[in-house]
Amino acid sequence: MAQEPGTTDAAQARARAQDSGSGSAPGSASGTASGRASASASGSPSASVPASAPASATARRPRPSAPPPEELTDLRLLKALAQPRRQQMLQHLTVHGPATSATLARALGLNTGATSYHLRELARYGFVEETPGSGRGRERWWRAVPGDRRFPPRSAQSPETRRVMDRLNHLSYAADLDLFERLQRDGGAELGEWADAFPFSRGTIRLTLPELREFFEEYIALLNRYKRPAADTPADARTVLTRFLAFPAPSAPAAPIEPDVPTAPAASAATSDNRKETEPS
């Protein structure tokens, strides 16, 4: 499982306005992002993509150098991240870009004392950092820090770590589903052509465990290939939230063993309507 960075429309616009051409990375990090995917009943891959997408949209891009993955093993850090309000704040910073504690308080229905405290805790563990803001007064602006963050494999987690990870996963999945449902329900005309751009895929593939790990690393590399600094981002680009989930299908249940039953006498036609018919020879 991994947490991967994203870029935001607001962060990019602010970076272009204040630091044009500097090459500084726009910043935000999503909650958890080892991804979301599921298996189709038919066993064959299926996908939904915008019909008008030009072939050039998949043109090869040079792969930028990406920072090495960072595994998060400190239980105190995981507990700090699994706090519901902090997850909400990270999501807001991801989707809307840098903000002040007052902005977050208004958006999330909290008081500034609470948001200030949670921001300090997130900064303590490297999830957010101060960033140049609007320059008004002594406002402190915060952004989510990008990074390829990995969580420990489940087999290596202690019982307490597993409980924390289960809570963190639950918060992340619920937040993602809520965002998607709100977009479909309330997006309306404001989305314009973007309303047709919801790539979606469900499929099944047969993999060994090493192949599944390689598949995931290739997915992360693909995300990194499409990342770029704010100065190089087109003005009509939007933040796109990507989620990937892959898991082994449950094993088929074993067929129940029928007990040996003595052969019953042949039933009359009047009483055998609900009995299994014999197959014709």
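**Exercise 1.** In which helix is the place of histidine 118? Describe its surroundings in this predicted model.

*Solution.* The numbering starts from 1 along each chain as its sequence is written. Because the model is predicted, local features need pLDDT of at least 70 and side-chain atom pairs count only at pLDDT 80 or more, while totals for chains, interfaces and linings use all residues, and side-chain values use heavy atoms, with hydrogens and water left out. Histidine 118 lies in helix α5, residues 112–124, where a helix is a DSSP run of H or I with at least four residues, a strand is a run of E with at least two, and both are numbered from the N terminus. Leaving aside residues up to four places away in sequence, histidine 118 touches Gln83, Arg85, Arg86 and Met89 (heavy atoms within 4.5 Å).

**Exercise 2.** Determine how α3 packs against α5.

*Solution.* The axes of α3 and α5 are 10 Å apart and meet at an angle of about 80°; axes are lines fitted to C-alpha atoms, for helices over the stretch in contact, and angles run from 0 to 180 degrees between N-to-C directions. Therefore α3 is roughly perpendicular to α5 (65 to 115 degrees; under 35 is roughly parallel, over 145 roughly antiparallel, and the rest oblique). On the α3 side the contact is made by Arg85, Arg86, Met89 and Leu90, and on the α5 side by Thr115, Tyr117, His118, Leu119, Glu121 and Leu122.
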